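User: I am new to this structure and would like to learn how to read it. Could you take me through it feature by feature?

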Amino acid sequence: PPRCSRCALCRLGRRQPRHSAMRLCAPRLPRAVRSAATRAVAALSAPARSQRRPVCAAVCRTRVADLSKSGDADAVVRLTNLYATDPCGGRDGEPLADEHLQALVPAMRAHGHVFVVLAEDGSEAIGHATCVMSFSTFKVGPVLNVHDLHVVASHRKQGVGRLLLEAAMEEGRRRGATKATLEVLTHNAGAERLYRDLGFEFGMKFGERAL
């Protein structure tokens with residue numbers, strides 16, 4: 001029989017790459033088959049997951065915090081303490097001591113090679129990346145170390161972490177960084193997938209001890 005010009009299934013049969021019409025030929029197919037075919041065509045028409053930008057990532061913005069301003073400083077302290085109490089912070093949920101929180105931003109500013117990227121949804125800071133510029137003897141140049149990367153629980157799995165890391169690397173390039181490094185806890189599989197997706201490779205063990 002002749003194909004219907006508006007039937008999504010017929011359009012698929014004609015091998016058209018994009019399918020805007022979702023109606024199927026009612027007389028030809030049972031309802032269950034029509035529904036299944038419609039879902040299949042919609043899946044073919046939708047962009048790949050890696051190409052879709054989540055709603056939150058599309059509306060939030062990133063910027064380098066101005067640690068001399070009280071609003072940005074307070075946001076960095078709040079987000080750092082949230083990260084410390086998160087299971088991904090590696091501190092078993094223990095918050096930072098009050099004296100530590102009070103000294104945090106002044107110590108960052110005194111260090112001279114620390115910057116923080118904030119992610120904001122409207123006027124609310126919802127994530128941060130605390131970065132330290134170090135040095136590579138092999139590259140003979142600066143290295144960007146992403147020391148903390150954290151997104152508040154209400155805004156996770158929406159692309160904010162990717163935006164933060166991309167913004168941190170862009171700022172690192174602007175500061176002359178030759179490469180970027182970071183660490184990830186062994187049980188944080190989601191973060192590791194993100195890092196690998198952005199080109200990070202994991203082949204070294206990381207050691208730590210108090211001094």
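User: What is the mean pLDDT of the protein chain?

Analyst: pLDDT is the predictor's confidence in each residue, from 0 to 100. For the protein chain the mean is 81, with 72% of the residues at 70 or more. Over residues 1-27, however, the pLDDT is below 50, and it stays under 50 over residues 41-53 as well. Where pLDDT is low, the predicted coordinates should not be read in detail.

User: How many helices and strands does the protein chain have?

Analyst: Both are DSSP runs numbered from the N terminus, helices being H or I with at least four residues and strands E with at least two. The protein chain has 7 helices and 5 strands.

User: At what angle do helix α4 and helix α5 pack?

Analyst: Axes are lines fitted to C-alpha atoms, for helices over the stretch in contact, and angles run from 0 to 180 degrees between N-to-C directions. Helix α4 (residues 70-85) and helix α5 (residues 98-111) pack at about 120°, their axes being 10 Å apart. Ala 73, Val 76 and Val 77 are among the α4 residues that meet α5, where the partners include Leu 101 and Leu 104, contact meaning heavy atoms within 4.5 Å.

Methods
Residues numbered from 1 in each chain as written. Predicted model: local features only at pLDDT ≥ 70, side-chain atom pairs only at ≥ 80, totals over all residues. Heavy atoms only, no water.
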